Amino acid sequence: MLQEGNGRVKVFARIRPTARFAQDMIELLPDGKSLNIHCKKDLRRGYINNQILDWSFHLDRVLHNASQSDVYDECAKSIVSKGLDGYNGTILAYGQTGAGKTFTMTGSTEKFQHRGLIPRAIQQVYREIRERPEHAVTIRISYLEIYNEHMFDLLCTLPGAISTDPALMTVTEDDDGYTRVKGLGVHQANSEEEALNLLFEGED
């Protein structure tokens with residue numbers, strides 16, 4: 001995650017809420033930015049081994065029992081705002097299967113407060129565009145999935161969209177230094193509603 005000013009990547013740890021938090025293994029430090037991991041010795045390896053049992057991590061923030069709104073404000077709000085100022089930014093969710101990446105990024109449509117980072121970013125973009133009437137802004141959206149080292153256009157099912165063989169989709173760099181995916185559809189979204197509809201289409 002890009003931090004404005006110095007270009008440093010910021011790293012956050014979000015801990016999935018659970019009724020049985022592993023307090024004996026995960027130690028959250030009072031500074032809200034550090035955590036220690038303690039593992040039990042695997043006796044199957046023998047009593048004498050070089051097994052590492054303890055790790056310490058210092059992050060930009062540890063988000064424990066944090067709401068979707070808090071996660072967005074902490075991790076994404078400034079990046080989205082800087083994007084409208086012309087800065088490139090990336091938000092990447094990384095973790096094992098079942099860790100909560102999809103919930104964090106997309107969220108749930110059942111309850112408004114459970115919206116994820118993407119729909120909240122869409123809302124912020126269109127709100128800030130309205131607050132900048134002196135600028136003419138056009139929003140174009142692509143939705144790409146990378147799975148087993150192949151790229152898939154998740155919006156190729158839209159009417160008028162051209163379906164591209166994933167094997168033919170390639171990453172290119174144009175003369176201006178912009179990275180693009182050849183064969184990936186680009187769709188204009190004139191409103192927040194249109195942008196959200198594209199998100200829901202890609203999620204189906």
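Let's start where two helices meet: H1 passes H4 in a right-handed crossing. Keep in mind as you look around that this is a predicted model. Helix H1 spans residues 68–75 and helix H4 spans residues 117–130, and their axes come within 10 Å of each other, crossing at roughly 65 degrees. Which residues in H1 and H4 meet there? On the H1 side you will find Gln68, Ser69, Val71 and Tyr72, and facing them from H4 are Leu117, Arg120, Ala121 and Gln124. Sorted by class, this contact is made up of 4 nonpolar, 3 polar and 1 charged residues.

Now move to aspartate 60, which sits in the loop between strand S4 (54–58) and strand S5 (61–64). What does its side chain do? The side chain of aspartate 60 makes a polar contact of 2.8 Å with the side chain of arginine 8. A polar atom of the aspartate 60 side chain also lies 2.8 Å from the backbone nitrogen of valine 11. If you set aside neighbours within four places in sequence, the contacts of aspartate 60 are Arg8, Val9, Lys10, Val11, Phe12 and Lys33.

Our last stop is a stretch picked out by a database record. An unreviewed UniProt entry carries the annotation "binding site" for Gly95, Gln96, Thr97, Gly98, Ala99, Gly100, Lys101 and Thr102. From this set, Lys101 and Thr102 belong to the lining of the largest pocket. To place the stretch in the fold, look for glutamine 96: it is found in the loop between helix H2 (77–84) and helix H3 (101–105).

Definitions and conventions:
Residues numbered from 1 in each chain as written. Predicted model: local features only at pLDDT ≥ 70, side-chain atom pairs only at ≥ 80, totals over all residues. Heavy atoms only, no water. Helix = DSSP H or I, 4+ residues; strand = E, 2+ residues; numbered from the N terminus. Polar contact = N/O pair within 3.5 Å; in protein donor to acceptor, adjacent residues only side chain to side chain. Contact = heavy atoms within 4.5 Å. Axes fitted to C-alpha atoms, helices over the stretch in contact; angles between N-to-C directions. Left-handed = near helix turned anticlockwise from the far one by under 90°. Nonpolar A, V, L, I, M, F, W, Y, C, P; charged D, E, K, R; others polar. UniProt positions renumbered as here; feature names shortened; annotations may be inferred. 1 Å grid on protein atoms, 1.4 Å probe; cavity = no way out; pocket = protein on both sides within 12 Å on 5 of 7 lines; lining within 4 Å.
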